[in-house]
4 protein chains.
Amino acid sequence: MIVVMKVGSPEAEITRLSKEFEEEGLSPEKIVGKHKVVIGLVGETASLDERQIQEFSPWIEKVLRVERPYKRASLEFRHGEPSEVWIDTPNGKVPFGQNHPVVIVAGPCSVENEEMIVETAKRVKAAGAQFLRGGAYKPRTSPYAFQGHGESALGLLAAAREASGLGIITEVMDTADVAKVGAVADVLQIGARNMHNFSLLKKVGAQDKPVLLKRGMSATIDEWLMAAEYILAAGNPNVILCERGIRTFERSYARNTLDLAVIPVLRELTHLPLMIDPSHGTGRSEYVPAMAKAAIAAGTDALMIEVHPNPAKALSDGPQSLTPDRFDRLVKEELSIIGKAVERWSEPAVALV
Amino acid sequence: MIVVMKVGSPEAEITRLSKEFEEEGLSPEKIVGKHKVVIGLVGETASLDERQIQEFSPWIEKVLRVERPYKRASLEFRHGEPSEVWIDTPNGKVPFGQNHPVVIVAGPCSVENEEMIVETAKRVKAAGAQFLRGGAYKPRTSPYAFQGHGESALGLLAAAREASGLGIITEVMDTADVAKVGAVADVLQIGARNMHNFSLLKKVGAQDKPVLLKRGMSATIDEWLMAAEYILAAGNPNVILCERGIRTFERSYARNTLDLAVIPVLRELTHLPLMIDPSHGTGRSEYVPAMAKAAIAAGTDALMIEVHPNPAKALSDGPQSLTPDRFDRLVKEELSIIGKAVERWSEPAVALV
Amino acid sequence: MIVVMKVGSPEAEITRLSKEFEEEGLSPEKIVGKHKVVIGLVGETASLDERQIQEFSPWIEKVLRVERPYKRASLEFRHGEPSEVWIDTPNGKVPFGQNHPVVIVAGPCSVENEEMIVETAKRVKAAGAQFLRGGAYKPRTSPYAFQGHGESALGLLAAAREASGLGIITEVMDTADVAKVGAVADVLQIGARNMHNFSLLKKVGAQDKPVLLKRGMSATIDEWLMAAEYILAAGNPNVILCERGIRTFERSYARNTLDLAVIPVLRELTHLPLMIDPSHGTGRSEYVPAMAKAAIAAGTDALMIEVHPNPAKALSDGPQSLTPDRFDRLVKEELSIIGKAVERWSEPAVALV
Amino acid sequence: MIVVMKVGSPEAEITRLSKEFEEEGLSPEKIVGKHKVVIGLVGETASLDERQIQEFSPWIEKVLRVERPYKRASLEFRHGEPSEVWIDTPNGKVPFGQNHPVVIVAGPCSVENEEMIVETAKRVKAAGAQFLRGGAYKPRTSPYAFQGHGESALGLLAAAREASGLGIITEVMDTADVAKVGAVADVLQIGARNMHNFSLLKKVGAQDKPVLLKRGMSATIDEWLMAAEYILAAGNPNVILCERGIRTFERSYARNTLDLAVIPVLRELTHLPLMIDPSHGTGRSEYVPAMAKAAIAAGTDALMIEVHPNPAKALSDGPQSLTPDRFDRLVKEELSIIGKAVERWSEPAVALV
């Protein structure tokens, strides 16, 4: 922590303040500048809140944090080594990480009925996906909109898993549902709207299924990593970060602004694997292919893409869903080219089936 | 709903589409403009999602919503009549609403110990507050920061309620805690980070304590009202909306941007009472007095202000807390003047004690 | 400047870097923390760019600025004393500043014809305004929209000035027009879209009419003060800062988010007088009264309000304009009450006429 | 235009309003919905301002624009055909457009001296660039920062042009400098801070050098296209749009948020060629390679990348500049792979030299 004193701070106040810091177990080191005095605080400052320090004296102008607020999520925690998250699926273990091929996750926004989810699973698998996404519990802005089929949809996801061999990624929205969802899902998803639901973060941190943590709509990168830290600190090391677009002043065309620069930024900060969701990230199926290609070129470890057998009749998020045909072409003819160019592509085993 | 067709849409497609809308039970009315055709959809469109309609044809350029997405929260729902939320406190019933004096809610960010919370309660009551705020469960960005004393803090709030006669407003963060918190609180607070926690909204909507709904950090006004609609639709009519600052590009001085224009905006849209929280809204105690005065001048129904007996030693949010002395002066010498000027001030009965 | 080194920075690099700083005339002071080394740079750092320092070594994690980047605009520059800007008008000198009554500026978005501008001038003066606003040159998003009558409108403003005795505030958009506009205006306005037009800032800084500097739509407070610094550094000490709403994610109701917290924030940073423009700040005449009252309660030195004799027929910005009748009522019956409550109101001399 | 009437609007008012619209030469068509009446306005509405229409009656709830506000910039204006901008350089004509290879523009933020600019020109040309960027006039936040060498730097750019054969792209900031800059530059750049400097837009629209129009920091896509429309409407058809990052709440790591989704979005809206500037778009050289690759994968027509022979000693924007060596590797080993994968790469002729 660096404590910047206001211009004209009395010497006595600086002395008093330094003593107070010492009583807190910190070693204050004073730098007398041309106009201002600055106090560096040496010691265990990670758990200190810079806003608290500020209150120690009205002569403090501001407090600057030097240490990062997260530990387990930091790249230093693994001495610069990226982590790998291996996930069990009926078709075998699938790794997410910088030294592995891009993993494709696809499926509808919500699970509507058995035929639809099983068919979609088979189609996205044939195209090259290794995981099926699909919501049983859906966060919807309107209480009058379809809220997901809930528990019964979990059964349909289990059926789709068995029929396709794909791993299942589905969202959990309530601490009360964690066990139930975890019984079916291979990966528990925390949605953007719940990234700051700390009760839920602690709960998924205390069970052993891997967690996909979506970035909150207006979460800074530090806040996102702190949300991951909640899960890691609770004992679950298997966290994948998923960028899904942030909220900005421009919402007329793309619904959100997909922040692809998080890829190089996070590579410097964290060891955790990254996923990009261009479907929510743009909100329009027309924009998905360009952004999916860009994400692979920028170095993502995984992609999440919405696919629906009949987007016009989807119960939720139709406009951002690709048809299975379009998805098939996208993966095989467009993404594969970029994936191979950056040497992050594996020929889908499905080609042999 | 207004469906705008792309330039050059084939006549046949417009005919096909109109038929499809009719099958959905809607009456399409076509307007042929100079360059574009527009289709007005007449009928029960409130539950339709404009994004879904968009998928009906690739020739649709955009879909514009004409009806508001919320019903019970709308001013029309009460035929233009503002609602009043009356809350029981040991000192009697207190009304929140446009035709009543400004209600003052004050207290520390979190409940730290009995002495501190009881003392603060007495001090803020003496200054003119009618409710005590104080967190038992605290949403904190860091898993390593103080998370609130939880259940034991609820007991301390009950003690402060008894000692002071103030009503209690405290946050609930987990569906599992709603009953527990409701047993003590007079008002359940949904924090900004949980405004989109729909499971929690449904749960507080299904019990009978009034709810204070804070605006999410990046929630639009429509989304905020839809969150209120979740609570109202679940059966609880007693909702107070609280603006606490939104996230913008400017975060160097004030932590958030306090959006006071919501006061005149919401007066046109909803019947629900409004509260302004200048403490979270700015994040710095120095900025609180000016913004509290502004809020009253703009017409707020209530204010929530953080007060801590010793901000430098607060376990959370010290920098935005006023001392009891400063708060006393603020209410009695600054807010009262503005409150009287706009005829929204009642001499606190406490002055007689 | 505080230079934060990366974890594990080699001792030799820190030594090398310190030498390099010394060669630049700075005294580096090293603080060895638990995980990181931090170097404080003492000396003349105001003109240094923290981004430049960053490049001195790849081992630098970040550079934190301790000194403020502006000088003449800072409160310290006047030793904590607020400045006053006195402006000559036909009716006498009018002061803008913290120790003077709130100054009201009113008038149409653009000057349309002589009758309209003279009539508006008389009406707003009768209501209590001391300055007439009105655009001769209009920044319009569309090249096909009315761009202002330009030079001929300047003549009409001169006529309105003479007829009403009000001072004139009008916008200058082009370095080529500064002299022409300055020949008529009592205050030159730099619009939000030109806050970062540095050529224009230098030019208005080099002439002697006072300048009203509107905040850019996405300008931080530091950037805004730096824009003022351009004018001050070029020799013109008479700058008034005007907040007119910033751009955020919420644009459905109010067009911009009026950031009233700049009032207490700027009081700590600068000596310059402040104006609030609730008309552009909200974009809807219905929201103007509440925000004008709030601005006075929060401590603004001046208000700018759009008034048009017939908003429905205005050539620009009709929806945010009040009618003269509404404006008259607003000033006399609503603003005066708040203005008196905060002791910043002078009975308009016009009342005697 | 679609005019949405408030619930309960009197029939008489709707009739009156319809007549008023007819008097303006528009054909109003009424749709009576379940709760609301909507009036479609048929006729020449492109030049109407929806905010003006709003003022026609207090019973109007909102006005929705159906027509796009720009014409010449629209894709329809060229019947869906992308435009090509061909630019003369000493090395021959270079096309910018969707059916041509990606064009690389590189060079320093500002022109510092002859040796530096000539050396940089040669190095970036050897790597594959076809244009040299470099500022003679620099928009700087601080009046005390280096403002560019101005006119003398133009001479140095001319020398670099001659020495390298590269085309020159440089910024013009003042209407007074357009002729001077145009005498040397092959492309005139309008910087982000001047995107809304309408005087300047008109001026560059009235001369015949091609214009590179950077997106304003908080400009919506519609505003950006309207700025282009200013140039097109003034008679200059050669406009290239350049995305350089927008301002959002996240500014701790990347300085701006590079909005790559503009690529697919603009392809649907406009025929104009697109450039991406990952250097300003992220503000950190470490993030540039990933975003440059992403931009090509997403379909950009051109890239602008900052290169400086010694970033630590750069007079401006060092931290976002690549060294010539890093740039050489980036283009030849990283961008070329993606460029070839998407079939938008031409082996630089320079390889033969």
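**Strands, helices and symmetry in a predicted model**

Q: In which sense do strand β7 (residues 103-107) and strand β8 (residues 131-133) of chain A pair, parallel or antiparallel?
A: In this predicted model, two bridges connect β7 and β8 of chain A. Within this pair, A:Ala106 faces A:Leu132 of β8(A). The sense of the pairing is parallel.

Q: Helix α11 (residues 324-341) of chain A packs on the sheet; what angle does its direction make with that of β14(A)?
A: The helix touches two strands of chain A, β7 and β14 (302-306). Relative to the direction of β14(A), the direction of α11 makes an angle of about 150 degrees.

Q: How many strands make up the closed barrel of chain A?
A: The barrel runs in the order β7-β8-β9-β10-β11-β12-β13-β14, with parallel pairing. From one strand to the next, the twist averages 25 degrees. The number of strands in this closed barrel is eight.

Q: Helix α4 (residues 151-164) of chain A lies across β8 and which other strand?
A: Helix α4 runs at about 160 degrees to the strand in question. That strand of chain A spans residues 167-171 and is β9.

Q: Which domain does UniProt list for residues 93-332 of chain A?
A: Over this stretch the chain is 36% helix and 16% strand, with the end C-alpha atoms 22 Å apart. The UniProt entry is unreviewed, and the name it lists is "domain: DAHP synthetase I/KDSA".

Q: Which strands stand at the edges of the open sheet in chain A?
A: The sheet has the order β2-β3-β1-β4 and its pairing is antiparallel. Each edge strand has a single partner, so one of its sides is left without a neighbour in the sheet. These strands are β2 (27-32) and β4 (60-64).

Q: Which residue of β3(A) stands opposite A:Val4?
A: Strands β1 (residues 2-5) and β3 (residues 37-42) of chain A run antiparallel and are joined by three bridges. Helix α1 (residues 11-23) of chain A packs on this sheet, touching β1, β2, β3 and β4. The residue opposite A:Val4 is A:Val38.

Q: What kind of axis relates chain B to chain D?
A: Chain B is superposed on chain D by a rotation of 180 degrees with 0.0 Å of shift along the axis, at an RMSD of 0.0 Å. This relation is therefore that of a two-fold axis.

Q: Which residue of chain B has the C-alpha nearest the axis?
A: The rotation that places chain B on chain D is one of 180 degrees. Both copies use the same surface, since 100% of the contact residues of chain B recur in chain D. The C-alpha nearest the axis lies 2.1 Å from it and belongs to B:Phe249.

Notes:
Residues numbered from 1 in each chain as written. Chains lettered and ligands numbered in written order. Predicted model: local features only at pLDDT ≥ 70, side-chain atom pairs only at ≥ 80, totals over all residues. Heavy atoms only, no water. UniProt positions renumbered as here; feature names shortened; annotations may be inferred. Helix = DSSP H or I, 4+ residues; strand = E, 2+ residues; numbered from the N terminus. Pairing = 2+ DSSP bridges. Axes fitted to C-alpha atoms, helices over the stretch in contact; angles between N-to-C directions. Contact = heavy atoms within 4.5 Å. Least-squares fit on C-alpha atoms with pLDDT ≥ 70 in both.
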